[in-house]
Amino acid sequence: MKKLVLSLLALPLLAAAADIYMAGDSTMCLRKTKEYPMYGWGMPLEKMVIDGVKIHNRAEGGRSSKSFMTEKRWEKILADAKKGDFVIIQFGINDNASGDKNFYRRTEADGTYKLYLQIYIAEARARGVIPVLCSQTLFCDFDANGKVRANAAVAKRVAACREVAQLTGCDFIDLNTYAAEKFNALGKENSLQLYMYLVPGEFPNYPKGRKDTCHLRQSGAEFYAEAFVHLAKKQNLAIAKLFK
């Protein structure tokens, strides 16, 4: 027994498992039961991590890269995350909000949007936290030929996100382009089943139905969570080691 105890004491102490923080908008955030089947893709991601890894989903609906920071939500992540943790950063949808009333969250794709993303990356790294940039989820919109409709504003955000990743050497996962390729193969009707495009009476929480091609239902959240893990492993990113 004494030899066994000594042997155990001689083993190196295991380092604490890295956690994953999530900074983003409504397509990523936690959802309440009364909102079902609306889901953020950070929710199913919790079931895809290895033992010992925790997901801290700090995403919040309606936030942009600008407002998430000015509301000090980012500051709270930096305060809570430890060295070696990861943070997934995904903004873009609300950054494109127009009109004077949306000034508090509006950014320019080729200007302030890039600037904010670079600040997220720099501040995360300064704390020893590993950032992973993510392009925004896809609007489920199809043209008359049954193909995903190109959206110039979204394309600019995705390109800007990719450029910042290249400029900073930050890991980048392009969920938007991946989804467009998959949806073209799935077709319009099957793709809409991943979004909050509901017929009246289909779900008790939405008796009148809903025609929403932005927000995800549970199956859509699972699609994007699986896509994130798939691409992380395919690209051999450091965060991939935290998933089953």
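Student: Which residues do ring pairs link into a cluster?
Tutor: In this predicted model, ring pairs join Tyr 178, Phe 183, Tyr 195, Phe 223 and Tyr 224 into a cluster.

Student: How many aromatic pairs are there in the whole structure?
Tutor: A search of the whole structure gives 11 aromatic pairs. One of them is Tyr 36 with Phe 203, whose ring centres are 6.1 Å apart. Their planes stand at 80 degrees, over the 60 that edge-to-face requires, so the pair is edge-to-face.

Student: Where in the chain are Tyr 36 and Phe 203?
Tutor: Tyr 36 sits in the loop between S1 and strand S2 (38–39), and Phe 203 in the loop between strand S7 (195–198) and strand S8 (210–217).

Student: Is Phe 203 buried or exposed?
Tutor: Phe 203 counts as buried, at 18% relative accessibility. Tyr 36 is partly exposed, with a relative accessible area of 34%.

Student: Which residues have the most contacts inside the largest nonpolar core?
Tutor: They are Ile 20, Trp 41, Phe 183, Phe 228 and Ile 239, in a core of 45 residues. Helix H9 (218–234) is one of the elements that supply at least two residues, and H9 gives the most, with 9.

Student: What does Ile 239 touch?
Tutor: Leaving out residues up to four places away in sequence, Ile 239 touches Ile 20, Phe 86, Ile 88, Val 132, Phe 228 and Ala 232. Another core lies apart from the largest one; it has 25 residues, among them Met 69 and Leu 117.

Student: New topic. What order do the strands of the open sheet have?
Tutor: The 5 strands run S3-S1-S4-S5-S6, with parallel pairing. Strand S3 (55–57) and strand S6 (171–173) are at the edges with a single partner strand each, so one side of each has no neighbour in the sheet.

Student: What packs on the sheet?
Tutor: H9 does, touching S4, S5 and S6. Helix H4 (residues 73–80) lies across S1 and S4.

Student: Where does pLDDT stay under 50?
Tutor: Over residues 1–14, where the model has 0 contacts beyond four places in sequence. Where pLDDT is low, predicted coordinates should not be read in detail. The chain average is 94.

Methods. Residues numbered from 1 in each chain as written. Predicted model: local features only at pLDDT ≥ 70, side-chain atom pairs only at ≥ 80, totals over all residues. Heavy atoms only, no water. Core = buried A, V, L, I, M, F, W, Y, C linked by side-chain atoms within 4.5 Å. Buried < 20%, exposed > 50% of the residue type's maximum accessible area, 1.4 Å probe, protein only. Helix = DSSP H or I, 4+ residues; strand = E, 2+ residues; numbered from the N terminus. Contact = heavy atoms within 4.5 Å. Pairing = 2+ DSSP bridges. Axes fitted to C-alpha atoms, helices over the stretch in contact; angles between N-to-C directions. pLDDT = per-residue confidence, 0-100. Phe/Tyr/Trp six-rings, centres within 6.5 Å; stacked < 30°, edge-to-face > 60°.
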